[in-house]
Amino acid sequence: MIEVKNLNKSFSGNHVLHDINATFEQGKVNLIIGQSGSGKSVLAKSIVGLHEPDTGEILFDGRNFLNMSRTQKTDIRKEIGMLFQGSALFDSMTVEENVMFPLKMFTNKTAKEMLDRVNFCLDRVNLSGKNKLYPAECSGGMQKRIGIARAIAMQPKYLFCDEPNSGLDPMTSIVIDGLIREITYEFNMTTIVITHDMNSVIEIGDRVTFIYKGKKWWEGDRQSILTTDNKEIIDFVYASNFMREIRENMTKK
Amino acid sequence: MIKKLFENIGNFFQMLWIVFSKPEKWSVFRKRVFDEIEIIGINSISLVGIMSVFIGAVIALQVGFNMDNPLLPEYTIGYLTRSTTILEFSPTIMSLILAGKVGSNISSEIGTMKTTEQIDALEIMGVNSLNYLVLPKITAAVIFFPILVIFSIGLSLIGGWLALIISDLGSTESYIYGVRAFFKVKEVTYALSKSVFFAFVIVSIASYYGYYTKVGAVEVGRSSTEAVVTNSIAVLILDLILTQLILF
């Protein structure tokens, strides 16, 4: 479980996050949604330590991340897997080397053990046999799946996904969403997904946190987000004509 | 501008403090050093070789054509070619050329990693990204630059000899005599010492500009250019300081 308490973050006087309080539960897919520029990526990057918050607490299963030494933070980070918006694969390495990278850095496994783990992870994301390809030779969807394979290589307790569906077609997005959900349940991870894809919200959002203008505006499950009367959420969720029609039909019923 | 200069210097030394920490895993570090020796050193051999032969030849020709005074012995050509090559051309001019080639390569490589979130990915995994990326490059350059300088000295002297023979400006014997005349080991020590300092400065400055690149392709290009310009100036300033310190 990850808890965020009274988190504030500003850049050069521009206050981006205002007093955020949120809890992200273990074994669930926790979504952070909001418009572009609302501060959701800053929130995620603050939680994993890529941004230093101004004030607040971030607790990883009760361990306060912000009070830790660099070594302790490094240890926590070994428990975190992250899928980046652009996949962030090391382009000078093959698929196999990318997934093997954290194992080589932080474990004392033999070459065979590492290869077995890599093959397991690649198999888990349906990329068996693609070991020797380079990221540049893979499609966007494949790169995301390689990113997931690398993120789970160390059997992390916490998984962060920053806009996992951006730039992907709807079919591939569904595959990626499905993988994130399956992996979360299978390995009982605390998963946080940053997205503004409503399909993901409906498909995989066990808990949804809505960020609006840098504030936590709303929190609930995927059912209640469709029925809430909160104006900002309605504007966000039913922004498209298609979604507005669905809402009108739901209201008529 | 002064404020920015001091900010950069402060950030640069902060970066070095993090770079020179213990590597996470020595086996990974060792492999990275060998990879970087190939990228920074071995891949520069052809450029260094071509430049050295031609510049050695030009030095010999220029000395030969300017030797109007009959009192000057013929071996002066070999002597001056050797001195110029060892004292200045091979360590300094070669470093300036490598500041362009290696410096822009390092800066754009790290800068691209920054903009494509690969550095964030390293940090999230718990890897000290500066240590992982920069320390092997510095180590490789510090090991291999002196080798390139020795290689460059040898090829320059061969270039000078070839030019002399082709232009019929002197004999092989007098050239070899000149190359060996009044030889001081200190000159070679000075050249190799300079190359170690230049290697460190070139790689660390290029890494600094690459690592602190702002987001965007334009910024990667800008960082690369700034790295080469700063490196060139730093090499020249360091050349002056080291010459004063070592030779006098």
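**Exercise 1.** In which crossing, right-handed or left-handed, does helix 4 of chain B pass helix 9 of chain B? Describe the packing of these two helices and the residues that form the contact.

*Solution.* The model is predicted.

Step 1. Helix 4 of chain B passes helix 9 of chain B in a right-handed crossing.

Step 2. Two packed helices are described by the angle and the distance between their axes. Helix 4 spans residues 76–115 of chain B and helix 9 spans residues 217–247 of chain B; their axes cross at roughly 150 degrees and come within 8 Å.

Step 3. On the side of helix 4 of chain B, the contact includes B:Leu96, B:Ala99, B:Gly100 and B:Gly103. Helix 9 of chain B contributes, among others, B:Val220, B:Ala227, B:Asn231 and B:Asp239.

Step 4. By class, the residues of this contact divide into 14 polar, 6 nonpolar and 1 charged.

**Exercise 2.** Determine how helix 3 and helix 4 of chain A are oriented, and classify the residues of their contact.

*Solution.*

Step 1. Helix 3 (residues 95–106) and helix 4 (residues 111–124) of chain A pack with their axes 9 Å apart, at an angle of about 125 degrees.

Step 2. Because of this angle, helix 3 of chain A is oblique to helix 4 of chain A.

Step 3. The crossing of helix 3 of chain A with helix 4 of chain A is right-handed.

Step 4. Helix 3 of chain A brings A:Glu96, A:Val99, A:Met100, A:Leu103 and A:Lys104 to the contact, where they meet A:Met114, A:Arg117, A:Val118, A:Cys121 and A:Leu122 of helix 4 of chain A.

Step 5. These residues comprise 7 nonpolar and 3 charged, with no polar ones.

**Exercise 3.** State the strand order of the open sheet in chain A and identify its edge strands.

*Solution.*

Step 1. The sheet has 4 strands in the order 2-1-4-5, with antiparallel pairing.

Step 2. Strand 2 (14–24) and strand 5 (63–64) of chain A each pair on one side only, and they are the edge strands.

Step 3. Strand 1 (residues 2–11) of chain A is joined to strand 2 of chain A by 7 bridges. In one of the pairs between them, A:Glu3 has A:Thr23 of strand 2 as its bridge partner.

**Exercise 4.** Which element of chain A gives the most residues to the side that touches chain B?

*Solution.*

Step 1. The contact involves 15 residues of chain A and 13 residues of chain B.

Step 2. Two or more residues of chain A come from each of helix 2 (70–77), strand 6 (80–83) and helix 3.

Step 3. Helix 3 of chain A gives the most, with 4 residues.

Step 4. By class, the side of chain A that touches chain B has 10 nonpolar, 2 polar and 3 charged residues.

Terms used:
Residues numbered from 1 in each chain as written. Chains lettered and ligands numbered in written order. Predicted model: local features only at pLDDT ≥ 70, side-chain atom pairs only at ≥ 80, totals over all residues. Pairing = 2+ DSSP bridges. Axes fitted to C-alpha atoms, helices over the stretch in contact; angles between N-to-C directions. Parallel < 35°, antiparallel > 145°, perpendicular 65-115°, else oblique. Left-handed = near helix turned anticlockwise from the far one by under 90°. Contact = placed C-beta atoms within 7 Å. Nonpolar A, V, L, I, M, F, W, Y, C, P; charged D, E, K, R; others polar.
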